[in-house]
Amino acid sequence: MDSYNLLTPGPVPMPKEIYEALSEPMVHHRTPQFEKSLSFCYQQLKKYFCTENDVFIHTSTGSGAMESAVVNLLSKSDEVLVVVSGKFGERWRDLCNVYGVHKVHCFEVEWGESLDIAKLESYLRSHPQISIVFTQYCETSTGALHPVKELAQMLNDRGDILLVVDAITALGAIELEMDKWGIDVVCAGSQKAFMMPTGLSFISLSSRAWKKNSSADLPRYYFDLRQERQALKKGQTFFSSAVSHVKALAAYFKFLEANGGLEGSIRRCKQLSAATLAALPHLHLKSFAMHPSPSLTAIELPVSIDGQKLRRDIENNDHVVFMGGQGPLTGKIIRMGHLGHIENKNFLQGIETLGQHLLECQHPISRQDIHNAIEVCKSHLTEVVK
Ligand SMILES: *Cc1c(COP(=O)(O)O)cnc(C)c1O
């Protein structure tokens with residue numbers, strides 16, 4: 001169905017069930033027929049987030065949920081810390097600054113590395129006014145996974161600092177138990193593990209976060225979760241619902257149920273990640289991230305290769321789509337996504353095409369190496385994707 005083999009960390013390939021849901025006739029959002037789909041989604045989202053708290057749906061890209069987290073939690077006088085380990089960490093920083101938050105500490109982590117909890121803990125000890133920590137679970141610009149469970153544990157042991165997690169490429173790709181781990185805010189987006197088009201974002205707040213919300217004084221209108229909370233009680237969204245997207249979301253949850261559930265989704269990402277990491281040495285390549293996320297692999301390219309040209313050539317000649325690097329990583333990495341409805345043959349085509357283009361760039365590998373990379377991938381791919 002797809003003319004391009006989409007192997008990016010969002011948007012991702014979609015199963016036919018989602019296309020079908022998107023092409024259903026339009027219905028009004030205040031009808032029992034639609035509200036049934038919406039209620040089903042609200043209920044499924046709670047299971048997906050592993051929380052007893054409400055999960056809200058915004059009609060926005062993932063960054064909307066991030067903005068929602070900031071405006072619904074913070075006051076101008078707050079002192080916050082943002083973990084900056086790549087492009088998306090910078091987004092937390094920029095959001096807090098745009099809204100004029102009094103003090104925004106940037107806890108810089110080398111791009112490609114993961115958060116060192118002990119270092120962060122000692123930083124927090126010497127800055128006792130910090131009341132909230134913002135982080136990514138997976139920093140999609142570098143492919144690095146942060147130890148969010150351990151971070152939540154450390155903050156909960158301290159007892160007074162809230163944790164906000166951008167889990168946009170992590171949820172559905174790796175375990176995340178919002179309530180059990182004690183995370184206060186989780187953000188997600190539809191074009192990642194949800195296998196949907198871009199356009200919905202999701203956010204959930206713990207009871208501690210709601211308490212913080214009651215004193216938050218940043219301006220907010222579209223993303224006011226107090227309004228959404230009232231609407232949700234009636235089984236609605238506050239503004240017009242994105243009807244087709246919500247139906248697609250319902251279709252995703254049904255698809256998921258028939259295909260191994262949340263565990264199945266996590267298992268599949270881990271499998272594609274493990275296959276990719278096992279193939280890289282055969283192609284004389286390595287992961288850019290020290291602790292790679294199962295949702296994507298950022299592949300470090302040798303300096304002799306122009307990553308932008310490589311990516312473009314692969315897309316134009318073979319219709320395989322990878323993402324390049326952003327900011328300082330432009331031309332230096334290519335990123336291969338493992339989220340969404342990726343069929344084995346498309347994944348293998350991605351690895352093979354990458355190998356062939358590297359060969360053409362005089363990268364020191366042979367046809368046999370490419371063959372070996374593919375064979376090692378095949379040995380990881382046990383799952384049949386319908
Ligand atoms: C995709 C992504 C986002 C959201 O980006 P949008 O373009 O706003 O959907 C935010 N954080 C991370 C880590 C992401 O991967």
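## Ligand shell, sheet and salt bridges

E315 is partly exposed, with 22% relative accessible area (buried is under 20%, exposed over 50%, partly exposed in between, using a 1.4 Å probe and protein chains only). Its side chain meets that of R311 in a salt bridge, 2.9 Å from N to O. Here a salt bridge is a side-chain nitrogen of Lys or Arg within 4 Å of a carboxyl oxygen of Asp or Glu. E315 and R311 sit four residues apart in helix 12 (residues 307-318), so about one helical turn separates them. Helices (H or I, at least four residues) and strands (E, at least two) are DSSP runs, numbered from the N terminus.

A word on the source: this is a predicted model, where local features need pLDDT of at least 70 and side-chain atom pairs count only at pLDDT 80 or more, while totals for chains, interfaces and linings use all residues. Residues are numbered from 1 along each chain as its sequence is written, and side-chain values use heavy atoms, with hydrogens and water left out.

The structure holds 14 salt bridges, including these:

| Pair | N to O distance |
|---|---|
| E175 and K270 | 2.9 Å |
| D184 and R208 | 2.9 Å |

E175 is in the loop between strand 8 (162-166) and helix 7 (178-181), and K270 is in helix 11 (residues 261-279), so this pair ties together parts 95 residues apart in sequence. E175 is partly exposed at 37% relative accessibility, and K270 is partly exposed at 35%. As for the other pair, D184 is buried at 2%, while R208 is partly exposed at 28%.

Now the ligand. It has 14 residues around it, with T61, S63, T140, D166 and K192 coming nearest (near means a heavy atom within 4 Å). That shell divides into four nonpolar, seven polar and three charged residues. Helix 3 gives the most to the shell, with three residues. A side-chain N or O atom of S63 is 2.5 Å from a ligand oxygen, and a side-chain N or O atom of T140 is also 2.5 Å from a ligand oxygen. The protein covers 88% of the 380 Å² of accessible area that the ligand has on its own (Shrake-Rupley method, 1.4 Å probe).

Finally, there's an open, antiparallel sheet of four strands in the order 11-12-15-14; two strands pair if DSSP finds at least two bridges between them. Strand 11 (286-287) and strand 14 (323-324) are the edges, each pairing on one side only. Strand 12 (residues 296-300) and strand 15 (residues 333-337) are joined by five bridges, and A298 stands opposite R335 in strand 15.

Definitions and conventions. Polar contact = N/O pair within 3.5 Å; in protein donor to acceptor, adjacent residues only side chain to side chain. Nonpolar A, V, L, I, M, F, W, Y, C, P; charged D, E, K, R; others polar.
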